[in-house]
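Let's take a short walk through this structure together. Keep the 3D view open and look things up as you read.

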Amino acid sequence: MSSRTAHRLACDEPDLASYDLLAPQLSGGKDSAVMNCVFMEAAVRAGVADRVISYHASLGVLEWPAVVVDGVRYPGVSELAALQSAAFGISADRHIEVTRTLPAPDGSRMVHSLLTEIAAYGRFPRMGSPYCRKAAKESVVSAAWTPLVTRMKRELGRPVRILKVMGLRSDEGPDRKKRPAFRTVQSNSARIVDEWLPVKEWTTAAVKEWHATALVPYSWTYDSAPGAGDWAGTSRCSCSLCVYASRRDLLLSVARRPRLADLYAEVEQARGDSFRADWRITDLIHHAQTCEAPDPGVICPDDGPDFTALQQQVRTALEVEPRKTPDLARDSGRALCNGCTSVD
Ligand code: SF4
């Protein structure tokens, strides 16, 4: 019997007791809240809730921040991930926020943003080459496991078995639909990592219905304005400006985070590679300002020290030759409207 079969029970639910570490990946979005609820119920049933450590791969300034509207504070994505962890019984010391770092000139580690990585690399991520997910999320969490794996492998005398639990759903797109609900994603002498998607077949409508009575708030960006409760904002919630987002999401995001959009445009203009193969962010900004954009509901100031540090880091990266020759995909753009295809 293969290890994959040996560690699974009926109904696509893996045998949670066969793992040494159970690791839900909390993005802070609407799906990860549902996933953690479903997963933690299963972990409690299996008597292994004490083996759970939740992880949030923070995208720093690029993810949706907290906002204050009419004296009410709406949490940012990293805070939501921590709330999603605590709401289903994971203690604060077992929720770990990780982020990509690089050595700083003084020998310490410094945050290395995904946008800085894009600036240094010279190309934006593309369909079929989503290096951003690996660089900013998967490899960061995997690296965070290493000290634990080293210690546990010594104690156990065998590879450490890890179950990575994610909130991906079929409804999100063809790639996600094709992804199996359970698979082994890494196997070597130190660790065997399986991936489980417990809410893969939940519909978007079911997720929203679940949130109507949930113990945790959902991100303000899903609404037309913070607190509106109408799900008429962005459809996704991770990087505010995701290269795979829909046209409407991008126009709304550009209007909500104009200073961040301008920083993406700086990278685009300096490197020559367009934000997406079909749209330049320069055109999206222009279109949002002059032709059409959904009412943002709120505008993030992006004027704090973290934003300034990101700006400096990105501009420093742009002073150096890119690691990869830009794809120069800018000329193949789809029209946003008659007036928005030829902005220079
Ligand atoms: S949100 Fe989009 S741009 Fe950001 S890491 Fe994920 S796929 Fe890449």
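Predicted model: local features only at pLDDT ≥ 70, side-chain atom pairs only at ≥ 80, totals over all residues.

Now look at where the side chains of strand 2 go. Ser54 and His56 point one way, Tyr55 and Ala57 point the other way, and all of them are buried.

Next, the inside. The largest nonpolar core has 73 residues, and Leu22 is one of those that touch the most other members, along with Leu115, Leu163, Val165, Val254, Tyr264 and Leu284. Helix 2 (residues 30–45) gives this core its largest share, 6 residues. If you zoom in on Leu22 and skip its neighbours within four places in sequence, you'll find it in contact with Leu163 and Val165, among others.

| What to look at | Arg176 |
|---|---|
| Place | helix 6 (residues 174–178) |
| Contacts, leaving aside neighbours within four places in sequence | Leu168, Arg169 and Ser170 |

Is Arg176 buried or partly exposed? Arg176 is partly exposed, because 13 other C-beta atoms lie within 10 Å, and a buried residue needs 20 or more.

Finally, find the ligand. Residues around the ligand include Pro125, Cys132, Arg133, Ser238 and Tyr244. Sorted by class, this shell has 8 nonpolar residues, 1 polar and 1 charged.

Note on methods: Residues numbered from 1 in each chain as written. Helix = DSSP H or I, 4+ residues; strand = E, 2+ residues; numbered from the N terminus. Buried ≥ 20, exposed ≤ 12 C-beta atoms within 10 Å, placed from the backbone. Contact = placed C-beta atoms within 7 Å. Near = placed C-beta within 6 Å. Nonpolar A, V, L, I, M, F, W, Y, C, P; charged D, E, K, R; others polar. Core = buried A, V, L, I, M, F, W, Y, C linked by C-beta atoms within 7 Å.
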